[in-house]
There are 2 protein chains.
Amino acid sequence: MVTSHDVARLAGVSQPTVSRALRDSGKVSEETKRRVRQAAKALGYVPSETGRALSSGRTRRIGLLLTDLENQFYPHVIAPMHHELEAYGYQLVLQTETTDTATVAERLISNGLDGVLLATTTVDSVVPVRLRDRGVPFVYFNRTADAMEADSATVDPVPGLSEVAREIAALGHRRVGAIFGPRNTSTALQRETALRDALDEQGLAIGSAATHRGPFDFDTGYEGAQRLLGRDPRPTVIVCGNDVVALGALNAAKDLGVAVPDDVSMVGFDDLPAAAWPLVRLTTVAFDLDAMARKAANLLVRRVEAEEPQPYEHAVFGTHLVRRGTLAAAG
Amino acid sequence: MVTSHDVARLAGVSQPTVSRALRDSGKVSEETKRRVRQAAKALGYVPSETGRALSSGRTRRIGLLLTDLENQFYPHVIAPMHHELEAYGYQLVLQTETTDTATVAERLISNGLDGVLLATTTVDSVVPVRLRDRGVPFVYFNRTADAMEADSATVDPVPGLSEVAREIAALGHRRVGAIFGPRNTSTALQRETALRDALDEQGLAIGSAATHRGPFDFDTGYEGAQRLLGRDPRPTVIVCGNDVVALGALNAAKDLGVAVPDDVSMVGFDDLPAAAWPLVRLTTVAFDLDAMARKAANLLVRRVEAEEPQPYEHAVFGTHLVRRGTLAAAG
């Protein structure tokens with residue numbers, strides 16, 4: 001039987017530090033936490049909380065609820081969540097959503113999950129309400145719902161989009177287009193508000209004719225760019241709701257023979273790996289997606305293992321502009 | 001309590017057809033199977049096999065073992081497997097592999113999974129041996145191991161790569177380069193053999209100096225193309241082990257200022273969505289990945305639910321060339 005003393009020895013720290021590190025205490029450095037987790041994993045150490053949890057009937061399974069597995073965003077989220085949960089002895093169970101959210105909630109509840117990571121929540125989602133009713137802990141990842149407070153790991157789009165607006169103004173753009181995400185997601189709403197406010201500060205605005213809106217997917221970007229680039233006069237820059245949308249928009253421009261950034265500039269949001277490809281070189285807004293995914297998993301483990309009520313924690317991750325090749329001076 | 005008669009009514013078929021459709025009998029058309037599955041799902045119908053399974057102590061959880069979630073190939077595999085399993089009342093549990101495969105096998109076994117889909121098996125994998133020892137059913141998806149026979153859903157690369165070789169010869173290429181996958185995977189070995197044989201029939205060969213080998217990832221393609229394109233004379237065409245490798249290679253060419261297909265042609269394998277992007281237009285070898293993923297899940301459900309031993313089934317999916325913009329006449 002491996003004990004926390006064995007982990008302490010391997011990690012080169014004291015036994016109390018092992019406990020604190022595995023509880024993700026703020027008193028332990030990130031580097032030490034990493035070392036302790038690696039040691040725990042290498043030894044197959046199961047913390048005593050786990051022992052208590054097992055005897056209390058927990059399943060050690062955490063659900064990840066999402067809609068669109070083929071959206072390139074989610075694969076990059078699944079791996080860090082998985083690794084974080086694994087370090088605490090939990091399994092990740094994938095759940096894909098259907099249209100009937102009450103049914104989805106019932107299925108989650110009947111699956112006996114210890115908790116659920118909600119990654120594709122809409123502002124009016126029923127699932128959080130049902131989970132709370134039934135006492136199933138959950139954490140919002142990236143998106144939140146209005147009705148129900150919970151622990152959350154989200155992005156603050158303001159710093160990154162303020163940089164975008166300043167850059168757009170400095171490069172002499174006057175006709176700004178935008179392809180926004182769906183109005184029933186907190187991320188789309190926050191990004192739209194942040195962009196409009198930041199452009200306003202620069203004396204710029206997005207005309208209603210230069211606005212397109214749709215799901216956060218490739219087709220929205222492709223169709224949106226086709227529409228906006230077909231207008232006369234067309235926008236000189238298009239800001240996209242996320243990178244997947246921007247990839248659709250860049251490909252539409254390619255099909256239309258509209259040169260990026262010579263004829264039109266484009267900006268994304270998320271900084272997915274494909275944004276950095278030499279073939280793409282997308283200027284975009286970045287944040288620490290890996291840390292955010294791990295944080296969401298970590299918040300949920302703490303919530304699941306808490307022995308008494310705790311205040312909700314809202315971890316907010318900052319954003320910044322990543323300059324690549326798709327934002328240049330207005331033509 | 002929903003019965004098979006309710007499903008039959010909703011699907012507009014007879015009750016025996018419902019049973020046959022949910023067992024994936026060859027006597028029922030694909031269209032009818034789809035309709036029955038949709039009806040079963042809509043009504044929340046749990047087949048009687050499931051009832052028996054539940055009372056026999058099954059967990060209704062199927063593991064998917066893979067190494068590289070961020071490889072763009074796997075997200076496209078997870079969704080169809082998930083949907084197929086869901087239709088039979090099983091949950092998909094993700095498992096990522098570490099370096100110690102015996103440990104991984106123990107973890108899979110201790111998790112009480114009803115069966116495991118092996119998606120990243122190497123030819124010398126220990127996991128299949130351990131699973132068989134412990135009586136845990138498994139199915140090979142895409143890759144197989146040498147030591148242990150099992151149900152499998154794999155690709156036959158020969159037809160697609162034969163087309164590639166004929167096209168390469170017809171377009172006047174004489175210096176053929178290749179970036180192969182790792183020698184310990186059945187897919188890399190089969191594709192290499194198929195390509196070499198097919199080129200040989202055309203009187204062509206891949207020089208050892210024009211060969212690069214590495215994991216099936218972006219960096220292998222990027223580094224391989226940098227190496228091969230740095231040679232003098234360089235190959236006029238590079239055939240890549242898969243599309244992710246080809247994307248790396250295309251991006252290396254872009255960085256080097258080598259025009260595709262004017263200066264060098266490139267070919268992929270898998271036909272991932274990004275291969276069809278206007279910015280990429282990758283000529284590649286395609287197969288029905290969705291059907292293959294569903295088939296693997298289906299084979300595993302049948303194996304899990306079989307009440308007596310059955311011969312192994314090897315479902316092999318054909319391949320064909322998809323002509324886009326990266327394979328043209330030798331410069």
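Predicted model: local features only at pLDDT ≥ 70, side-chain atom pairs only at ≥ 80, totals over all residues.
A residue counts as buried when its relative accessible area is under 20%, as exposed when that area is over 50%, and as partly exposed in between.

Most residues other than glycine have a negative phi, and most peptide bonds are trans.

You will find A:Asp271 in the loop between strand 9 and strand 10 (284–286) of chain A. Is A:Asp271 buried, exposed or partly exposed? With a relative accessible area of 25%, A:Asp271 is partly exposed.

Two peptide bonds also deserve a look. The bond that leads from A:Val260 to A:Pro261 is cis, with omega near 5°. A:Pro261 belongs to the loop between helix 11 (243–256) and strand 9 (265–267) of chain A. In chain B, the bond joining B:Asp232 and B:Pro233 is cis, and omega is about 0°. B:Pro233 is placed in the loop between helix 10 and strand 8 (237–240) of chain B.

| Residue | Relative accessible area | Class |
|---|---|---|
| A:Thr121 | 5% | buried |
| B:Glu167 | 19% | buried |
| B:Val129 | 28% | partly exposed |
| A:Asp271 | 25% | partly exposed |

A:Thr121 lies in the loop between strand 3 (115–118) and helix 7 (127–133) of chain A. Which residues does A:Thr121 contact, leaving aside its neighbours within four places in sequence? They are A:Pro128, A:Tyr140, A:Arg143, A:Thr144 and A:Ala145.

B:Glu167 is part of helix 8 (residues 158–170) of chain B. Its relative accessibility is 19%, and the limit for buried is under 20%, so B:Glu167 counts as buried. Not counting residues up to four places away in sequence, B:Glu167 touches B:Leu321, B:Arg323 and B:Leu327. The chain also brings B:Ala328 into this picture: B:Glu167 and B:Ala328 are 161 residues apart along the chain, yet their C-alpha atoms are separated by 9.0 Å.

B:Val129 is located in helix 7 (residues 127–133) of chain B. Between the C-alpha atoms of B:Val129 and B:Glu149 there are 9.7 Å, with 20 residues separating the two along the chain.

## Two helix pairs in chain B

Let us turn to helices that pack against each other. Helix 10 (residues 218–229) of chain B and helix 11 (residues 243–256) of chain B have axes 6 Å apart, at an angle of about 45°. This is why helix 10 of chain B and helix 11 of chain B are described as oblique to each other. Their crossing is right-handed. From helix 10 of chain B the contact takes in B:Phe218, B:Gly221, B:Tyr222, B:Ala225, B:Gln226 and B:Leu229, and among the residues they meet in helix 11 of chain B are B:Val244, B:Leu247, B:Asn251 and B:Asp255. By class, the residues of this contact are eleven nonpolar, four polar and one charged.

How do the axes of helix 2 (residues 15–22) of chain B and helix 3 (residues 30–43) of chain B cross? They come within 9 Å and cross at roughly 95°. Helix 2 of chain B is therefore roughly perpendicular to helix 3 of chain B. On one side of the contact are B:Thr17, B:Val18, B:Ala21 and B:Leu22 of helix 2 of chain B, and on the other B:Thr32, B:Lys33, B:Val36, B:Arg37 and B:Ala40 of helix 3 of chain B. Five nonpolar, two polar and two charged residues make up the contact of helix 2 of chain B with helix 3 of chain B.

## How the two chains relate

Finally, step back to view both chains. Chain A is superposed on chain B by a rotation of 180° with 0.0 Å of shift along its axis, and the RMSD is 0.1 Å. That is the relation of a two-fold axis. The same surface serves both copies, since 100% of the contact residues of chain A recur in chain B. Which residue of chain A comes closest to the rotation axis? A:Val93 does, with its C-alpha at 2.4 Å.

Terms used:
Residues numbered from 1 in each chain as written. Chains lettered and ligands numbered in written order. Heavy atoms only, no water. Least-squares fit on C-alpha atoms with pLDDT ≥ 70 in both. Contact = heavy atoms within 4.5 Å. Helix = DSSP H or I, 4+ residues; strand = E, 2+ residues; numbered from the N terminus. Buried < 20%, exposed > 50% of the residue type's maximum accessible area, 1.4 Å probe, protein only. Axes fitted to C-alpha atoms, helices over the stretch in contact; angles between N-to-C directions. Parallel < 35°, antiparallel > 145°, perpendicular 65-115°, else oblique. Left-handed = near helix turned anticlockwise from the far one by under 90°. Nonpolar A, V, L, I, M, F, W, Y, C, P; charged D, E, K, R; others polar.
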